[in-house]
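My notes follow in the order I looked things up.

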Amino acid sequence: MLLFLLTPAIVLFAQEPMIKEETLGYQQQRVFWVQEYKNNTGDVLGVLVLHGATTEENFKSLINNKLGPWLKEFSQKKPLVVVYPLGLPGRCPVPKENICWPFRQPWEDIPFLKDVIEKVSRQHALKRWIAIGISNGGYYLASVIQSGERLPISDVINIIGGKGWWFKPKAVWQPNLYILAGNKDKENRANARMLYRELKKTGYGGKAALSYEEFQGGHEIPFEKLAQLLEKIAAVPPQN
């Protein structure tokens, strides 16, 4: 539940791209960053990016130097509004100062993420959202799916993440789920395979897609594979 809203501030991390920082107030203030890539016509796709176990500065660096410029280039094919919510410190095994998502208690951040999606949807008239979970962010989204929680998202890309902490016989929320694992990332690859196998056994899918794919590499973002998936997802028109 949204308790109060603080005045948004504009923060420039580099010449490009510009990121708008906003906050939502709960018992503990929560922060999310927004990038707009509307260089094309057509329906705008909302993209929720959940980071891995990292520091705020390292996440800014990833956005500035790799992920942000890459998404800007991709937006020439499909206009995007990209949202980067921040997890909280004290949730990671080590080091404690890293910010993480609570994959053992996935319900803790559901209100925050829903409020972020609702607010940004109103601001930009968005009809459709997808989520990209990286490492800890991927584990968290798997836990959300497996715990019976829900998010207003049609597609989830789980990158170098794996099986969530919670598991029910049948997932209630069934977005299209695309799992990507590095063939040299042994532990996370094993957990990603386990996630795929266990969901497959339950009959996950129905109308939803469920896929698992490995790429050449380790614990990293496979931008080529990610582009292929985003193109596939973006080609599907939003449902009214």
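This is a predicted model: local features need pLDDT of at least 70, side-chain atom pairs count only at pLDDT 80 or more; totals for chains, interfaces and linings use all residues.

What percentage of the 240 residues of the protein chain count as buried? I get 53%, with buried meaning under 20% relative accessible area, exposed over 50% and partly exposed in between (1.4 Å probe, protein chains only).

Residues are numbered from 1 along each chain as its sequence is written, and side-chain values use heavy atoms, with hydrogens and water left out.

**Overall.** I counted 5 helices and 12 strands in the protein chain. Helices (H or I, at least four residues) and strands (E, at least two) are DSSP runs, numbered from the N terminus. Then I checked contacts, meaning heavy atoms within 4.5 Å. Among those between residues at least 6 apart in sequence, 67% join residues at least 24 apart.

**Rings.** I searched the whole structure for aromatic pairs and found 7. For Trp70 and Phe74 I noted a stacked pair, 6.0 Å centre to centre with 20 degrees between the planes. My cut-offs: rings of Phe, Tyr and Trp (its six-membered ring) pair if their centres lie within 6.5 Å, and planes under 30 degrees apart count as stacked, over 60 as edge-to-face and the rest as tilted. Why are Trp70 and Phe74 separated by about one helical turn? They are 4 residues apart in helix α1 (residues 56–74). Trp70 is buried at 16% relative accessible area, and Phe74 is buried at 6%.

Next I looked at Trp101 and Tyr140, whose ring centres are 5.9 Å apart with the planes at 35 degrees, so I logged the pair as tilted. Trp101 lies in the loop between β8 (99–100) and α2 (110–124) and Tyr140 in helix α3 (residues 136–147), so the pair ties together parts 39 residues apart in sequence. Trp101 is buried at 1% relative accessible area, and Tyr140 is buried at 0%.

I also found Trp33, Phe59 and Tyr84 linked into a cluster by ring pairs. Arg30 sits over the face of Phe112, 4.1 Å from the ring centre; for this I need NZ of Lys or CZ of Arg within 6 Å of the ring centre and within 35 degrees of the ring normal.

**Helix packing.** Which residues of α1 meet α5? I listed Lys66, Leu67, Trp70, Leu71 and Phe74 in α1, facing Phe223, Leu226, Ala227, Leu230 and Glu231 in α5. The axes of α1 and helix α5 (residues 223–234) come within 12 Å and cross at roughly 40 degrees. Axes here are lines fitted to C-alpha atoms, for helices over the stretch in contact, and angles run from 0 to 180 degrees between N-to-C directions. I therefore called α1 and α5 oblique to each other (under 35 degrees is roughly parallel, over 145 roughly antiparallel, 65 to 115 roughly perpendicular, the rest oblique).

Most residues other than glycine have a negative phi. Ser135 has a positive one, near 55 degrees, and I placed Ser135 in the loop between β9 (129–134) and α3. Ser135 is buried, at 15% relative accessibility. Ile160 also has a positive phi, near 45 degrees. I found Ile160 in the loop between β10 (155–159) and β11 (176–182), and at 4% relative accessibility Ile160 counts as buried.
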